[in-house]
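Here is a short briefing to read alongside the model. Have the viewer open and follow the topics in order.

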Amino acid sequence: MLFDLIRPLLFALDPERAHRLTVKALKTLPVAPGRHPQGLAIGIAGIEFPNPLGMAAGFDKDGEVPDQLLGLGFGSVEVGSITPRPQRGNPQPRLFRLVEDRAVINRMGFNNRGSESAAKRLAARAERPGVVGINIGANKDSPDRIADYAEMARIMAPLATYLAVNISSPNTPGLRALQDEGALIGLLDAVFAARGEKGPPVFLKVAPDLAPADIDAIARIAADKKLGALIVSNTTISRPPLASSHADETGGLSGAPLKDLALQRIRDFRAATGGSMPLVGVGGIGSAADAWSRIRAGASLVQLYSAMVYEGPGLPRRITRGLSDLMQRDGFSSIAEAVGSE
């Protein structure tokens, strides 16, 4: 109800300024354990998630409020993307609300304050409970992006429940080329070597804009390298029919229009991996029904971000309560039972 009252004020502001104010507001919240409906816990990659709903990377780029987000009812929070050196990102304006479409277009460009700054904050909360993944990226002007990922893996491995390797942002020129088979093998080898044998599991975040051959190659490499999970998917450079005046802005599209494409990619990767690789469903999730359809299609976990812009901080608890109801309605005793059951 409070969000409904302040939403017009937030929407009167530039989206990026509104986001900064939201993060500042979250910093004022007390750090308290999240409450989770019974029966929603699920384990993947050796990690026990208290519920399958996570906050996707991009909201808390610098690792400022992971514990406050967990307190809203998320089962996990993925901070970042974080790069070795501070990065201003692309010129403003670079973030656009597509209100009529319940969507967002961004071309942020991995803006963040760098690894040193984030590592200090994440080290300070390292003894607290909660699943906090760290999404790592490369600097735009780096002469060796694979070396950047390796450096980030070395720095962040001791601080992360899991590492998410982000090679799928459309806003850093050439980054998605790392999804090509040869480049991806070299990248993952470097990340695993830098992480160390006892480091956290490695998740790989891929784009939705992939050809069938790309999906098959990534699935094969993920199995060979024993990744913890595939995060499917990042924002899309495609443009389904949109009503907003911002529809032609360049950047990655997220939110409701991505739902069908992202759902299909979960099905594609489920088929390509034979169900052997845990999947994290991202893109167009704004309700318990959306999350449930992704789980039934093969996702062990789901993440959201853009829906929070339109629904506010009460959304995580509404979704987890709804998931509990849907699980009972359909006769499942656990989320794990429902994964891939469509």
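**A buried residue to start from**

I295 counts as buried, because its relative accessibility is 0% (buried means under 20% relative accessible area, exposed over 50% and partly exposed in between, with a 1.4 Å probe and protein chains only). This is a predicted model, in which local features need pLDDT of at least 70 and side-chain atom pairs count only at pLDDT 80 or more, while totals for chains, interfaces and linings use all residues. Residues are numbered from 1 along each chain as its sequence is written, and side-chain values use heavy atoms, with hydrogens and water left out.

**Around I295**

- I295 sits in helix α9, residues 288–297 (helices are DSSP runs of H or I with at least four residues, strands are runs of E with at least two, and both are numbered from the N terminus).
- Leaving aside residues up to four places away in sequence, I295 touches P52, V302, L323, I335, A338, V339 and G340 (contact means heavy atoms within 4.5 Å).
- From I295 to P240 the C-alpha distance is 24 Å, and the two are 55 residues apart in sequence.

**Nonpolar cores**

- The largest nonpolar core holds 89 residues, and I134, Y149, M156 and L230 have the most contacts inside it (such a core is a set of buried Ala, Val, Leu, Ile, Met, Phe, Trp, Tyr and Cys residues joined through side-chain atoms within 4.5 Å).
- A second, separate core has five residues, among them F96, L98, A103 and L253.
- Y149 touches I136, G137, A138, V165, N166, I167, L175, L178, L187 and V191, again not counting residues up to four places away in sequence.
- As background, nonpolar side chains tend to be buried together in soluble globular proteins.

**How α6 and α7 pack**

- Helix α6 (residues 181–195) packs with helix α7 (residues 212–224) at an angle of about 25°, and their axes are 10 Å apart (axes are lines fitted to C-alpha atoms, for helices over the stretch in contact, and angles run from 0 to 180 degrees between N-to-C directions).
- The two helices α6 and α7 are therefore roughly parallel to each other (angles under 35 degrees count as roughly parallel).
- E181, L184, I185 and L188 on the α6 side meet A217, I218, R220 and I221 in α7.
- The residues of this contact between α6 and α7 comprise six nonpolar, no polar and two charged (Ala, Val, Leu, Ile, Met, Phe, Trp, Tyr, Cys and Pro count as nonpolar, Asp, Glu, Lys and Arg as charged, and the others, Gly among them, as polar).

**Backbone points to check**

- Most residues other than glycine have a negative phi, and most peptide bonds are trans.
- Q92 and P93 are joined by a cis peptide bond with omega about -5°, and P93 is in the loop between β4 (76–82) and β5 (95–98).
- The bond from V232 to S233 is also cis, with omega near 20°, and S233 falls in the loop between β10 (229–232) and β11 (252–255).
- F110 has a positive phi, near 55°, in the loop between β6 (103–106) and α4 (115–124), and F110 is buried because its relative accessible area is 5%.
- K226 has a positive phi near 55° in the loop between α7 and β10, and K226 counts as exposed because its relative accessibility is 69%.

**An exposed helix residue**

- R154 lies in helix α5, residues 145–156, and R154 counts as exposed at 51% relative accessibility.

Conventions: Parallel < 35°, antiparallel > 145°, perpendicular 65-115°, else oblique.
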